[in-house]
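Here is a short report on one protein model.

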Amino acid sequence: MPQIDKPSSDPGSNMDHPLNDHTMVLDKLLAEGRRSDQRPNGTYNGTGRRLQVGIGRAMAHHGELLQGVFEGADGRLHRGLITLPFASRLSKVIFRPGEQGDIRTRPLERRKAARAAELALKHLGFAGVGGELILESDIPVGHGYGSSTADVLAAIRAVVAATSATLCRSTICRLAVEAEVASDATAYDDQAVLFAQREGCVIEHFGGEIPPLAVVGFRIGGARPIDSVSLPPAHYDSQEIEQFRVLRGLAFQAVLQQNPRLIGRVATASAHISQRYLAKPHLRAVVELAKAHAACGIQVAHSGTLLGVLFDANERRVADRARVLAGTLSEAGFDEIVIFTVNSDGTLLQ
């Protein structure tokens, strides 16, 4: 049976989330951090400012609604994307500050998260402070869910919480890109932004939320994980660059009108362009299935193995249609089938 994920307005507030199995462990660590921070000389790096245990969260995504190259305010072309948020999958990170030294991680070898924490500490005036990052995530790795970005964003937010500071989204995104080369726009939650993933900045903010969508997400059966950073950048031709200009304008209108069918057209066109650079098996069959079930369109992870069929979350009987499609996909051999919503009131799939 496909998994149905209920949305949450706060990705960290879902009490039914699997990561809440670790709540007792997290509470114990936070209590230990409060006790250790009560010592008289609990300052670090000579700043006179105290650090405490901090916790940060970040959600996954389910590929993109649009990805390509787009003209920026400087007149140059920039690689950019519109991320499809997937709020029911999370990374949670606890930062336990220590004395000067390295940032250690549990599990080991989470270098990008450690690097992100170091950059955040330096930016906040705590350069050289060490400590430990404890990471818990239910986001699959290597398929286009943004697991690495979620770990990095959660690590930065944990450090911010530990320093009792605040950082704006643009700064968090810049630090994330510095830590992992390329990042996603999940720091903006369900806000529709055209984001330069290798520069960590917004090319255009469309002035609203992604239109209300019900998504049937899935993977090709047996698909192997992909190292997205090692993929060669796509070299788009002049015709595709012109298509991206048109799709950008249509995406703006879709957000302005809150029009799921229009954003579905944008996502489908982007998926077809992506097929030239990272082909998805059975894409044509998936498009035909979407049409047969009166969907708005399809979307893909442009550097992963994910596909999704998009429905208007406000249409009548959409939950029934989504479940029927999910069953058909399961019978056809697709993996990791999940139904979730974006910018919905949360009652659709209950």
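Does Phe218 count as buried or exposed? At 0% relative accessibility, Phe218 counts as buried. Buried means under 20% relative accessible area, exposed means over 50%, and partly exposed lies in between, with a 1.4 Å probe and protein chains only.

## Basis

This is a predicted model, in which local features need pLDDT of at least 70 and side-chain atom pairs count only at pLDDT 80 or more, while totals for chains, interfaces and linings use all residues. Residues are numbered from 1 along each chain as its sequence is written, and side-chain values use heavy atoms, with hydrogens and water left out.

## Aromatic pairs

The whole structure holds 8 aromatic pairs. Rings of Phe, Tyr and Trp (its six-membered ring) pair if their centres lie within 6.5 Å; planes under 30 degrees apart count as stacked, over 60 as edge-to-face, and the rest as tilted. Tyr188 and Phe195 make a tilted pair, 6.4 Å centre to centre with 55° between the planes. Both Tyr188 and Phe195 are buried.

Phe218 pairs edge-to-face with Phe334, at 5.0 Å centre to centre and 65° between the planes. Phe218 sits in strand E8 (residues 213-219) and Phe334 in the loop between helix H8 (318-331) and strand E11 (335-342), so the pair ties together parts 116 residues apart in sequence. Helices (H or I, at least four residues) and strands (E, at least two) are DSSP runs, numbered from the N terminus. Phe334 has 11% relative accessibility and therefore counts as buried. Elsewhere, Phe70, Tyr236, Phe244 and Tyr277 form one aromatic cluster.

## Helix H6

Helix H6 covers residues 260-274, 15 residues in total. From first C-alpha to last it reaches 21 Å, close to the 21 Å expected at 1.5 Å a residue. The expected span is 1.5 Å times one less than the number of residues. At the start of H6, a side-chain oxygen of Asn259 comes to within 3.0 Å of the backbone nitrogen of Arg261.

H6 is mostly covered, with 11 of its 15 residues buried. Among them are Leu262, Ile263, Val266, Ala267 and Ile273. What do the buried residues of H6 pack against? Their partners are strand E2 (54-71), E8, helix H5 (238-257), helix H7 (283-292), strand E9 (297-300) and strand E10 (306-312). Contact here means heavy atoms within 4.5 Å.

## Cavities

How many cavities of 30 Å³ or more does the whole structure hold? A search finds 2. A cavity is a set of points, on a 1 Å grid over the protein atoms alone, where a 1.4 Å probe fits but cannot get out; lining residues have an atom within 4 Å of a point. Grid points are joined across faces, edges and corners, and a volume is the space filled by probe spheres set on the points.

The largest cavity has a volume of about 40 Å³. Its lining consists of Thr83, Pro85, Ala185, Thr186, Asp189, Gln191, Val193 and Ile210. Strand E3 (77-100) and strand E6 (191-196) are the elements that give two or more residues to this lining.

## From E4 into H2

The peptide bond from Arg106 to Pro107 is cis, with omega near 0°. Pro107 lies in the loop between strand E4 (103-106) and H2. Glu109 is in the loop between E4 and H2 as well. Phi of Glu109 is near 65°, a positive value in a residue other than glycine. Most residues other than glycine have a negative phi, and most peptide bonds are trans. At 53% relative accessibility, Glu109 counts as exposed.

Arg111 belongs to helix H2 (residues 111-123). Arg111 counts as exposed because its relative accessibility is 60%. A polar contact of 2.5 Å joins the side chains of Arg111 and Glu109. Such a contact is a pair of N or O atoms within 3.5 Å; within protein, one must be able to donate a hydrogen and the other to accept it, and residues adjacent in sequence count only if both atoms are side-chain atoms. Arg111 and Val152 are 41 residues apart in sequence and 9.5 Å apart in space, C-alpha to C-alpha.

## Two loop residues

Thr163 is in the loop between helix H3 (147-162) and helix H4 (169-180). At 7% relative accessibility, Thr163 counts as buried. Thr163 touches Leu51, Leu124 and Phe126, not counting residues up to four places away in sequence.

Arg317 lies in the loop between E10 and H8. Arg317 has a positive phi of about 60° although it is not a glycine. With 59% relative accessibility, Arg317 counts as exposed.

Key
1 Å grid on protein atoms, 1.4 Å probe; cavity = no way out; pocket = protein on both sides within 12 Å on 5 of 7 lines; lining within 4 Å.
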